[in-house]
Amino acid sequence: MNQYLFVLLSFVHVLADPDFAKLDGAPPSKIAVVGAGIGGTATAHFLRQHFGPEVRIDVFERGSVGGRLATVTVNHQDYESGGSIIHSLNLHMQDFVQQLGLKYRKSVAGKTAVFNGDEFILEETDWYLLDLFRLWWRYGISFIRLQMWVEEIMEKFMRIYKYQAHGYAFSSVEELLHSLGGSGFINMTRRSLSESLLELGVSQRFIDEVIAPIMRVNYGQNISIPAFVGAVSLAGAQANLWAVEGGNKLVCSGLLKLAKANLIRSPVATITLRSTGDYQQYELTYDSQNEKSSELYDIVVVATPLQQNINSGISFQGFEPQLSEIAGSYHQTVASIIHGYLNCSYFGFPDPKLFPFSSILTTDTPGLFFNSAASVCPVNITSGFRRKQPQEAGVYKVFSPKPLEKSELKTLFKSYYSVQVTDWLAYPHYGSSQGLPPVVLHENLYFLNGMEWAGSAMEMSSVAAKNIALLAYHRWNRQLEMIDQKDLMHKVKTEL
Ligand SMILES: Cc1cc2nc3c(=O)[nH]c(=O)nc-3n(C[C@H](O)[C@H](O)[C@H](O)COP(=O)(O)OP(=O)(O)OC[C@H]3O[C@@H](n4cnc5c(N)ncnc54)[C@H](O)[C@@H]3O)c2cc1C
């Protein structure tokens with residue numbers, strides 16, 4: 001191409017694309033990540049991989065590293081109080097654990113039953129074939145239809161790992177979902193789970209007695225949640241689940257170290273756009289040892305929800321037009337970790353020795369005050385570990401929509417030594433907002449937690465983290481051909 005024509009075309013390209021203010025080709029010198037949960041720490045790790053060793057990466061955290069991955073201590077042992085289980089096909093989480101030299105903690109086997117407020121309506125036995133027969137007897141082939149549906153969705157979702165390994169990024173959650181499962185995936189974020197399952201031929205009885213209890217334990221919500229997050233939740237109810245030995249939050253502190261990121265233990269108060277000619281940066285203000293400090297950054301990733309009821313305390317200033325408010329709210333779920341004796345009589349078993357279940361799910365029965373109750377294992381399991389029997393004092397995790405009242409605790413437990421309550425704004429309140437939040441808030445300002453509105457899980461935050469690192473890198477270097485590409489299945493097959 002004629003040299004002058006090339007220069008002219010490049011200039012026209014930059015003018016036509018006001019999103020890209022960086023003109024000199026220099027790498028960024030400073031990047032900020034706000035939030036040190038799994039989303040923020042994974043972002044720091046992937047940013048380091050893509051931008052190299054020179055860039056300074058500061059991660060701000062106002063609370064504890066890990067965010068919604070947290071533990072509480074009972075009798076000198078730690079138990080997960082937030083995000084606890086990881087699916088065997090969550091490849092980013094697996095990769096982090098391997099790179100950090102952490103260990104897998106497998107779930108300890110135990111039986112589950114579904115309680116409707118009066119009695120158990122579904123009970124797992126020791127006999128796999130008997131359980132299958134009972135499912136078939138009660139629900140016909142609904143459970144086979146469901147399994148095939150979840151597997152098909154997971155198979156499509158797994159494409160993301162291939163796309164990300166080839167370096168492709170997406171500028172919105174919709175683009176990302178569309179590349180994986182076409183308009184079907186987008187529709188699944190808009191239609192309710194119950195509607196989708198009924199259309200699939202799953203029976204109403206199966207939805208009420210099996211699917212609803214799974215939604216209640218995983219998201220504290222009912223079967224009107226969108227089908228996509230419903231499928232994420234159902235995948236999390238399968239076998240082959242694991243957690244991180246020592247606590248899932250170890251992944252977050254490990255990733256910060258691996259990324260050689262600076263952890264700044266301060267709340268970010270403002271993010272202000274500062275322009276010098278064509279060059280734009282973001283000024284973050286934060287409290288440091290009771291003094292207001294500020295710093296300029298080339299790229300900023302906000303890795304915490306920004307919805308109003310989360311109260312992130314971050315205000316955006318100097319943006320013209322102003323950044324729109326992120327709609328919706330987060331759902332309250334209370335995790336109570338209780339050390340005591342389960343009241344098996346309440347569940348119809350006067351003799352606790354005969355109570356065979358370690359995990360109790362509940363149906364969506366009006367007035368039922370808890371979502372689930374389960375005997376839990378500590379984050380460190382020794383080789384001889386066994387679950388406590390119901391006649392012994394054990395550690396239980398109860399999820400409920402509100403803090404349990406004393407009378408409710410007395411209903412569930414004959415007696416108890418301790419109760420530790422974590423009142424979470426746990427995950428999006430699905431249905432509180434239409435559409436999915438944006439990923440790109442401004443030229444080099446990104447928002448990670450929009451992904452949670454497709455499905456909230458550690459792996460979803462990790463996928464979002466990799467996507468934002470790639471997106472920030474390609475936008476900074478104007479490699480537009482790596483963003484929002486269509487027909488990626490075909491492209492990655494033909495690429496080396
Ligand atoms: C009870 C419960 C059970 C769950 N179970 C599972 C499960 O079994 N499996 C699973 O995969 N997922 C589960 N999840 C969901 C999972 O935990 C979350 O999706 C995931 O941890 C979100 O990580 P994140 O980094 O995106 O957000 P967060 O963990 O919320 O991190 C955001 C961080 O930003 C910080 N922050 C906020 N504002 C500021 C500010 N102004 N300045 C500086 N820092 C700030 C916060 O303190 C926080 O640490 C569960 C969640 C809960 C609450």
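Q: Which residues line the largest cavity?
A: Its lining is made of Ser172, Val173, Leu176, Val439, Phe447, Leu448, Gly450, Met451, Ala464, Asn467 and Ile468. A cavity is a set of points on a 1 Å grid over the protein atoms alone where a 1.4 Å probe fits but cannot get out, and lining residues have an atom within 4 Å of a point.

Q: What are the ground rules for this model?
A: The model is predicted: local features need pLDDT of at least 70 and side-chain atom pairs pLDDT 80 or more, while totals for chains, interfaces and linings use all residues. Numbering starts from 1 along each chain as its sequence is written, and side-chain values use heavy atoms, without hydrogens and water.

Q: What volume does the largest cavity have?
A: About 60 Å³, counted as the space filled by probe spheres set on the points. The structure has four cavities of 30 Å³ or more.

Q: Which helices supply at least two residues each of that lining?
A: Helix 7 (173-188) and helix 13 (458-476). Helix 13 gives the largest share, three residues. Helices here are DSSP runs of H or I with at least four residues, and strands are E runs of at least two.

Q: And by class, what is in the lining of the largest cavity?
A: Eight nonpolar, three polar and no charged residues. Asp, Glu, Lys and Arg count as charged, Ala, Val, Leu, Ile, Met, Phe, Trp, Tyr, Cys and Pro as nonpolar, and the others, Gly among them, as polar.

Q: Back to helix 13. At what angle do helix 3 and helix 13 pack?
A: Helix 3 (residues 91-99) packs on helix 13 at about 85°, with the axes 8 Å apart. The two helices are therefore roughly perpendicular, a label for angles of 65 to 115 degrees.

Q: Which residues meet there?
A: Leu91, His92, Met93 and Phe96 of helix 3 meet Met458, Glu459, Ser462, Val463 and Lys466 of helix 13, with contact meaning heavy atoms within 4.5 Å. By class, that contact has five nonpolar, two polar and two charged residues.

Q: Where do helix 2 and helix 11 stand, then?
A: The axes of helix 2 (residues 38-51) and helix 11 (residues 250-258) come within 8 Å and cross at roughly 25°. That makes helix 2 roughly parallel to helix 11, the label for angles under 35 degrees. Helix 2 brings Ile38, Thr41, Ala42 and His45 to the contact, and helix 11 brings Val251, Cys252, Leu255, Leu256 and Leu258. By class, this contact has seven nonpolar, two polar and no charged residues.

Note on methods: 1 Å grid on protein atoms, 1.4 Å probe; cavity = no way out; pocket = protein on both sides within 12 Å on 5 of 7 lines; lining within 4 Å. Axes fitted to C-alpha atoms, helices over the stretch in contact; angles between N-to-C directions. Parallel < 35°, antiparallel > 145°, perpendicular 65-115°, else oblique.
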